[in-house]
Amino acid sequence: MIKILSWNVNGLRSCASKGFLSWFKKQAADIVCLQEIKVKPEQLPPDLLNPNKYNSFWYPAQKPGYSGVAIISKQEPESVKLGLGVDEFDCEGRVITAEFKDLIVINSYFPNSQRDHSRLPFKLRFCTEFARHAASQRRRGKTLLMCADWNIAPSEIDLKNPKSNRKNAGFLPEERAWMKNFLDSGYIDAFRYFTKDPEHYTWWSYRPGIREKNIGWRLDYFLSANSDVDRLISSNHQTRVYGSDHCPVSLTVKS
């Protein structure tokens with residue numbers, strides 16, 4: 001089996017002060033994908049730069065303390081691609097792609113549309129370019145797995161209060177329509193493939209009591225190509241792991 005983890009750490013150094021390395025060692029995962037690292041690799045101590053002496057690949061934003069993604073893997077990838085090849089997105093360090101022997105993993109941190117929706121056009125352009133990138137990787141003929149903080153709750157079951165959030169970033173009609181079209185083009189939501197019931201979330205506000213009451217959103221998930229569904233074994237949320245306003249999500253696939 002291959003165990004893959006994805007976690008928006010909301011600042012890796014902050015998360016490290018709350019037990020990130022202990023969590024990492026305990027997981028013994030094959031691949032760990034991080035979003036919103038908010039740090040450049042040269043700012044990291046050795047134990048965070050290469051946790052457990054894994055291979056690590058970093059794609060920080062140009063702006064200090066902002067965005068950024070990373071892939072940390074037990075096995076060295078055959079190749080690693082940084083970005084989408086589009087400057088307006090790549091300066092924010094939002095996509096990293098690692099190719100292994102028979103597997104391609106895309107890790108991404110999708111833009112937030114913002115409270116006033118000011119970045120919705122930017123986000124939708126990013127979504128279009130991401131879909132093109134996914135399609136090009138899919139044509140490689142290997143199993144394609146994608147993880148991200150998508151910053152999109154796909155449907156009403158994926159957030160606690162859908163009716164009161166219809167005009168809020170992450171649940172806007174345009175965002176959900178893009179995700180539906182993307183899934184319809186040949187991809188599957190791995191968590192929802194196994195788990196159909198509500199009350200499963202991956203992000204909660206830092207406001208007191210919100211996480212304890214499980215008033216959350218499901219913004220973090222794995223997608224696979226429909227043709228690779230037979231390799232999926234399980235996908236879960238590690239809701240008891242703190243250190244960020246997001247929790248880690250896992251995917252286990254057949255090797």
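1. At 1.5 Å a residue, helix 5 with its 19 residues should span 27 Å, and its end C-alpha atoms lie 26 Å apart, which agrees. The expected span is 1.5 Å times one less than the number of residues. Helices (H or I, at least four residues) and strands (E, at least two) are DSSP runs, numbered from the N terminus.

2. The model is predicted: local features need pLDDT of at least 70 and side-chain atom pairs count only at pLDDT 80 or more, while totals for chains, interfaces and linings use all residues. Residues are numbered from 1 along each chain as its sequence is written, and side-chain values use heavy atoms, with hydrogens and water left out.

3. The buried residues of helix 5 include Leu120, Phe122, Phe126, Phe130 and His133. Buried means under 20% relative accessible area, exposed over 50%, and partly exposed in between (1.4 Å probe, protein chains only). Viewed down the axis of helix 5, the buried residues fall within an arc of 135°, so they line one face of the helix; the arc is that of the directions from the helix axis to the C-beta atoms.

4. The whole structure contains 19 aromatic pairs. Rings of Phe, Tyr and Trp (its six-membered ring) pair if their centres lie within 6.5 Å; planes under 30 degrees apart count as stacked, over 60 as edge-to-face and the rest as tilted. Phe20 and Trp23 have ring centres 5.7 Å apart and planes at 40°, so this pair is tilted. The two residues are 3 apart in helix 2 (residues 20-27), about one helical turn. Phe20 is buried at 1% relative accessible area, and Trp23 is buried at 7%.

5. Phe110 and Trp178 form a tilted pair, 5.9 Å centre to centre with 45° between the planes. This pair links distant parts of the chain, 68 residues apart: Phe110 is in the loop between strand 7 (103-109) and helix 5 (120-138), and Trp178 is in helix 6 (residues 173-184). Phe110 is buried at 0% relative accessibility, as is Trp178 at 12%.

6. The charged end of Arg138 sits over the ring of Tyr187, 4.9 Å from its centre. The criterion is NZ of Lys or CZ of Arg within 6 Å of the ring centre and within 35 degrees of the ring normal.

7. The structure holds 0 disulfides, defined as pairs of cysteine sulfur atoms within 2.5 Å. For Cys147, the nearest cysteine sulfur, that of Cys33, is 3.5 Å away; Cys147 is buried at 1% relative accessibility.
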